[in-house]
Amino acid sequence: MFEFLKKRDHDKPVAVVFVDYEHWYYGYHNKVRMKPNVEEWIDELKQEYEIDKLYIFGDFSEPKIGHELEKLKTLTSHVIHTASTKEGVDKDFTDVIILDYIYRNIAEKNNDEVYILFTGDAHFTKVAEYLKEKNKKVIVYGVRFSFSNALKSVATSYVEMPRQEQERNHYNDLVLASLAHLREKHASRKPSYWKTIENVASYNHVPKSRVKLALDGMISQKYIEVIAPSGKNKSQTKKLKLLEVDWERLEADGLWSE
């Protein structure tokens, strides 16, 4: 727990991290129907930076995002619950608190060389400019389609999340989970191409087009084969495409695990 606070690696630049978890959580949920993988992201940062502090901010009073709170507390002791009881206070209140923490941190004149922000809000454009004036690198992560162009333009560098590979893997997992469930319940029944797309899209509340793209990708890579059903009625069997999944190959290549 809090491993990044225990060990110093002086070969890496020192970084302080500020996460607007509302932006990350709701952006993923509304845009791509994913959940943030914070652990994976921290591990990625630690490969490049020595993380001094990790702050995570959010109003966790809503049940959906509230379920994330205990998990986040295992990753850092700096989880800031920004809920306000004042009437008329909206989401911008979280931004105000984050900005206050950033300005306080720079005022402490510590040895942080890099400021990593996970937010897509244009409210952070001015503080990013200020940090660069103080000779700090500003790395901004933001959710695709919810990422201010103004903020991107002032950052030292920026990363749109989720990355294409992460999103592709997410949809692959949804398809394979559905196919595995059918195999478990009805081992002798072959799943159909179009029914699989409809079921995955409906169950997970995701676009059929994205599910089809994932399924077609695994078919083109030969992890899944399209086969024609046996039957006398050729007009019906021609329209019906069944799927044969190579589970052994998927597992061998690390794309699936029982």
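The axes of helix α9 (residues 193-204) and helix α10 come within 9 Å and cross at roughly 135°, where axes are lines fitted to C-alpha atoms, for helices over the stretch in contact, and angles run from 0 to 180 degrees between N-to-C directions. The model is a predicted one, in which local features need pLDDT of at least 70 and side-chain atom pairs count only at pLDDT 80 or more, while totals for chains, interfaces and linings use all residues. Residues are numbered from 1 along each chain as its sequence is written, and side-chain values use heavy atoms, with hydrogens and water left out.

Helices α9 and α10 are therefore oblique to each other; angles under 35 degrees count as roughly parallel, over 145 as roughly antiparallel, 65 to 115 as roughly perpendicular and the rest as oblique. Their crossing is right-handed, a crossing being left-handed if the near helix is turned anticlockwise from the far one by less than a right angle, and right-handed if clockwise. The contact (heavy atoms within 4.5 Å) is made by Y193, W194, I197, E198, V200 and A201 of α9 together with K208, V211, K212, L215, D216 and I219 of α10. By class, this contact of α9 with α10 has 8 nonpolar, no polar and 4 charged residues, where Ala, Val, Leu, Ile, Met, Phe, Trp, Tyr, Cys and Pro count as nonpolar, Asp, Glu, Lys and Arg as charged, and the others, Gly among them, as polar.

Helix α10 (residues 208-220) also meets helix α8 (residues 164-185), the two axes coming within 9 Å and crossing at roughly 85°. That makes α8 roughly perpendicular to α10. On the α8 side the contact involves E167, Y171, N172, V175 and L176, and on the α10 side R210, V211, A214, L215 and M218. Sorted by class, the contact of α8 with α10 has 7 nonpolar, 1 polar and 2 charged residues.

In the chain as a whole, the secondary structure comes to 12 helices and 8 strands, with helices (H or I, at least four residues) and strands (E, at least two) taken as DSSP runs numbered from the N terminus. Buried residues make up 44% of the 258 residues in the chain; buried means under 20% relative accessible area, exposed over 50%, and partly exposed in between (1.4 Å probe, protein chains only).

A search of the whole structure finds 19 aromatic pairs, counted when rings of Phe, Tyr and Trp (its six-membered ring) have centres within 6.5 Å, with planes under 30 degrees apart called stacked, over 60 edge-to-face and the rest tilted. One of them is the tilted pair of Y21 and Y25, at 6.2 Å centre to centre and 35° between the planes. These two residues, 4 residues apart in helix α1 (residues 21-31), are separated by about one helical turn, and both Y21 and Y25 are buried. W247 and W256 form another tilted pair, at 5.6 Å centre to centre with 55° between the planes. W247 counts as buried at 12% relative accessibility, as does W256 at 17%. Ring pairs also link Y21, W24, Y25, Y26, Y28, W41, F60, F118 and Y141 into a cluster.

Some backbone features lie in loops. A cis peptide bond, with omega about -5°, joins M161 and P162, and P162 lies in the loop between β6 (157-161) and α8. N135, a residue other than glycine, has a positive phi near 65° and lies in the loop between α6 (125-133) and β5 (137-143); at 71% relative accessibility, N135 counts as exposed.
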